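Please load the model in the viewer and keep the selection tool at hand.

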Amino acid sequence: MFRRTSLVGTLAILVIAAPAWAQNDDKDKAKQDKPATPAEELSTLAKEYGTTQQEYVKAMREAKTPEERQEAAKKAPRPAEFAAKFLAIAEKNPKDPVAVDALIWVLNTGPTTPQGRTAVKKIVEEYPDSDKIAPAVLTIARLPDGEESLKVIIEKNKNRQVLASAKYGLGQGLVNRSFRAAQEKKEDEAKKLGEEARPLFRELLNDYLDVRGPTGSILDTTLGILPYVPGSSEMLRDVLKKDLSHEVQGKLKNGLAQVLKTESEKAGSLEASKEAESLLQEVIDNFADVRSPRGTLADTAKSALTDIQLRGIGKPAPEIEAEDIDGQSFKLSDYRGKVVFLDFWGHW
Amino acid sequence: MFPHERSLVKRLEGKPFALIGVNSDKDRSDCKQKSEAEGITWRSFWNGGSTSGPISTQYDVHSWPTIYVLDAKGTIRFKNVREADADRAINALLKEMGVEVAEAAGESN
């Protein structure tokens, strides 16, 4: 089952990007006697954050004993401290382009701090049309009132990267909520949320496949979530009717196969399972060269195909012969003649 | 814990139905103790004390819980159905055998 991608994952990417960006202003060192421009001020602070982060990571890596690890942990950059400093730069220079960058840094360093909340409010109220806010959008999506903030950004922004990230973030949030509602047996609410998410993913598939979001290509991230979006096989079939590049076609076919596989398992549909099987074979035969986030399309297609062939709908359940909890041996086939609910579980 | 499993076992008592677990706890006697305390009545295969034991490997299980629903012939008919979906799947398979069962609605806890 998919889980919410952690904030930490998003932040790590931004942090790695920080030192490279911070170097841009190195050439201005000659003008040391002049007061720092807002851009220089931001760059200095970003560098300071990067250095603190690097020293912390280094200390953690070198720590051997629990005591050393405890000591190293103290070197972690303090979210509220850095967030406050970045926020101060934004507030001091509201008209300077640097303000938006500084707000993004607030969300990068301390998304859940009070300063993070202020930064979101400022982005939504003062800079919702900024070209630069794509890296902040997925962070905003996961904060309280994220959905409302993203709706404002979608309404006011024209930048395709920002729009794609916002639509993805909004859709992902709705799918997560739908999934939780289903777990709580609120089937109607789950259905409603799923239907609210669907048009967003349809737009992403129709208009934003070429866009790179902050955590990778919109196509790859969207395909990862589609098995959990109701009606997504239909959307994928529609997009596949278009004239597409070899790469996009391969990825969409593999995505459709994964969606059909999940659908076939839930609905017990042999037909959907067979279609998934033949699509996966087509991907292996014709699109093996296309790179995907996890190796090549052939790798993901092969493991899905193997799963269908060995344990798919309509296949005989592999025999199990093992001990029960009390040490008594028994076999799965002992239960032939009964409907069996085979439940992989544990106390956790 | 396991309210849905419990209600399935109760609802389908006396029907040609079995809930079979594959347990991946680390400690067998601990699992036994907890299961008894929780009133777990269904039988489970022991996966060798690990989430990467032989049975979960054979069934390529990477997330928990994973569910397989088999018909009376031992054929895999549904996968990863939960709650109401699971009830519907099981009822459909029992119906194929000519066994009518009451709807699950309202008695799932």
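**Stop 1: two helices of chain A**

In this predicted model, select residues 79-92 of chain A, helix α4, together with residues 98-109 of chain A, helix α5; their axes come within 8 Å and cross at roughly 170°. Because of this angle, α4(A) is roughly antiparallel to α5(A).

Next, display the side chains where the two helices meet. On α4(A), select A:P79, A:F82, A:A83, A:F86, A:L87, A:I89 and A:A90. Their counterparts on α5(A) are A:V98, A:A99, A:A102, A:L103, A:W105, A:V106 and A:T109. Coloured by class, the residues of this contact comprise 13 nonpolar, one polar and no charged.

**Stop 2: the interface of chain B and chain A**

Now show both chains and select the residues in contact: 62 from chain B and 45 from chain A. Together the two chains bury about 5,100 Å², of which 58% lies on carbon and sulfur atoms.

**Stop 3: polar and charged pairs**

How many salt bridges does the rule find across the interface of chain B and chain A? There are seven. To inspect a salt bridge, centre the view on A:D324 and B:R43, whose closest N and O atoms are 3.0 Å apart. Between chain B and chain A, 31 residue pairs are in polar contact, with both residues at pLDDT 80 or more.

**Stop 4: the chain B side**

Finally, hide chain A and select the elements of chain B that give two or more residues to this side, including α1 (3-11), β1 (17-23), α2 (28-38) and α4 (83-96). By class, the side of chain B that touches chain A holds 33 nonpolar, 15 polar and 14 charged residues.

How values were computed: Residues are numbered from 1 along each chain as its sequence is written. Chains are lettered from A and ligands numbered from 1 in the order in which they are written. This is a predicted model: local features need pLDDT of at least 70, side-chain atom pairs count only at pLDDT 80 or more; totals for chains, interfaces and linings use all residues. Side-chain values use heavy atoms; hydrogens and water are left out. Axes are lines fitted to C-alpha atoms, for helices over the stretch in contact, and angles run from 0 to 180 degrees between N-to-C directions. Helices (H or I, at least four residues) and strands (E, at least two) are DSSP runs, numbered from the N terminus. Angles under 35 degrees count as roughly parallel, over 145 as roughly antiparallel, 65 to 115 as roughly perpendicular and the rest as oblique. Contact means heavy atoms within 4.5 Å. Ala, Val, Leu, Ile, Met, Phe, Trp, Tyr, Cys and Pro count as nonpolar, Asp, Glu, Lys and Arg as charged, and the others, Gly among them, as polar. Buried area is the accessible area (1.4 Å probe) that two parts lose on being put together, summed over both. A salt bridge is a side-chain nitrogen of Lys or Arg within 4 Å of a carboxyl oxygen of Asp or Glu. A polar contact is a pair of N or O atoms within 3.5 Å; within protein, one must be able to donate a hydrogen and the other to accept it, and residues adjacent in sequence count only if both atoms are side-chain atoms.
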